[in-house]
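Hi,

Here is the structure I promised to pass on. Have a look at it first, and then read on for what I found in it.

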Amino acid sequence: MIKGLLKKDIYNLSSYKTSLIIIVLFCGIAIIGTDAIYWGSIIIGIIVGMISLSTFSYDEISKSNKYILTLPVTRKEIVLEKYILAIGATILGGLLGFILTLLVGNVMNYLRPDNLIDINIETLLTTSIGGMFGISLIQSIQIPSIFKWGAEKGRIQMFIIIFFLIIIGIGIGFLIQQAGLSIDIEKLEQTLKQFNLVILIILMAIMYFISYLISYKIYKNKEE
Amino acid sequence: MNNIEIKNISKKYDGFLLDKISFNVPEGSIVGLIGENGAGKTTTIKAILNIINSNGTVKIFGKDVKQNEKEIKQEIGVVLDDSFLSAYLTPKHINSVMKDFYKNWNEDKYNKLLKQFDLPGNKLVKDFSSGMKMKLKIATAISHNPKLLILDEPTSGLDPVVRNEILDIFRKYIEEDETRSILLSTHITTDLEHISDYIIFIDNGKIILNGQTNELLENYGIIKCNKEDFSKILKEDYISYKKGKYQYEILTTNKEKIKKKYNILSIDKPSIEDIMLFYIKGER
């Protein structure tokens, strides 16, 4: 059943493929080849990851949700499918960003041997996973809001939620400062560097899981 | 044996109440749900399909729909007026998606139906005319040979030729297997006169009429008379009346009885639409 839903979403997205290629190429050309080459992997990753969310808009335009609920599929499977798609897109975006940046960087170096760009694989890997983390954070916030308010309204609510999260973050920082607690930033940075990829991946998994639980709770009783 | 049994279904919205609806859809029958727009037809269908939360019980194939939803839905084909899988898929895509949903999906049957309906396999659904879209929805709904079809306004917005074609499909579908049944809602009541076995009339969230189509059409009658004759007819002998410029029209549920009782020579045979209008607009 999940396979059927995934197929439906992928077929929906296939009408996107031309614009997707243009966007990726445009970003690639604009960024890759400059000193900001590592941004390429982040931006490509974010674009691919975000596109998976547009399947919600396709469902909304076609008013598919009501029909899908008449098929032999549970609400749990409907929610789960959206997360599988989102996570798949994040992984694909990260991989594409990594490979394309590496590829274009090397091609540029071949074409312009007098103006070499230094591509560090480790840094590229970190930025790619950093980009994946960013997109998974956006997805984890946006998917439940779309389930709650719909694809169009959900977008506005998402910005409100992000705004409040930033305020809360600043508030916590302020309180820590007020309480006189000092954070050893250097130590924190060191730890992050040592484990950063593992920590980021674990954090992503936790974010997706919590987000899934919230989405399911919302959709369980939603009426179409 | 009933394919659908619903008991005391209630659902409250702002300004609307679906009020303790109960009815059955027997095997081998086509049941028509009629009523004005906003009367509660779609809400009833949504409650049957468990798309909305409602009070009361819904049994399909003798099983509670809330507890056996996935299993039951394998055996149901659904057409909704305003909703389908996606407007951005082609009929070929739909085949590939649907075979993952239904164990009994019959690809050959689906392709044959596409051919029969003249539907192109590689065109996006959004570019189809409304008649083509409806035919595709119906082909999709019957290609896993479901025991039960639930159709919400399957003929609305279609021209008479396409409507007849579609009604033919339903007729054949029932004839193929007598354990099958169809529940269809419509506000185009003439369609039902041709194909339905039972008619359920919902008005303002309540069932006000539930009976066999033949009996309704045979027994109900419209008496046309002047004011003087009208005043002689007792209130208990009619459902409602309409006052025209020159005459009164009266709807009765038992035309033979009335004919004898008041010595009336001619009584018109009403259409389902006439009956519906008398119930909604008539005076008591």
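This is a predicted model. Chain B and chain A bury about 2900 Å² between them, and carbon and sulfur atoms make up 58% of that area. On the chain B side, Lys70(B), Tyr88(B) and Phe101(B) together account for 23% of the area that chain B buries against chain A, more than any other three residues. In terms of contacts, 30 residues come from chain B and 28 residues from chain A.

The polar side of the interface is worth a look too. Between chain B and chain A there are 15 residue pairs in polar contact, counting those with both residues at pLDDT 80 or more. As for where chain B makes its contacts, the elements that give two or more residues to the side touching chain A are β1 (2–13), α2 (69–73) and α3 (91–101) of chain B. Of these, α3(B) provides the largest share, with six residues. By type, the chain B residues on this side divide into 15 nonpolar, eight polar and seven charged.

Five salt bridges turn up across the interface of the two chains. In a salt bridge between Asp100(B) and Lys3(A), the side chains meet at 3.8 Å, N to O.

One more thing, this time in chain A: helix α6 (residues 121–149) has 29 residues and spans 41 Å from its first C-alpha to its last, close to the 42 Å expected at 1.5 Å a residue. Just after α6(A) comes Gly150(A), with a positive phi of about 95°.

Best wishes

Key: Residues numbered from 1 in each chain as written. Chains lettered and ligands numbered in written order. Predicted model: local features only at pLDDT ≥ 70, side-chain atom pairs only at ≥ 80, totals over all residues. Heavy atoms only, no water. Contact = heavy atoms within 4.5 Å. Buried area = accessible area lost by both parts, 1.4 Å probe. Salt bridge = Lys/Arg side-chain N within 4 Å of Asp/Glu carboxyl O. Polar contact = N/O pair within 3.5 Å; in protein donor to acceptor, adjacent residues only side chain to side chain. Helix = DSSP H or I, 4+ residues; strand = E, 2+ residues; numbered from the N terminus. Nonpolar A, V, L, I, M, F, W, Y, C, P; charged D, E, K, R; others polar. Expected span 1.5 Å × (residues − 1).
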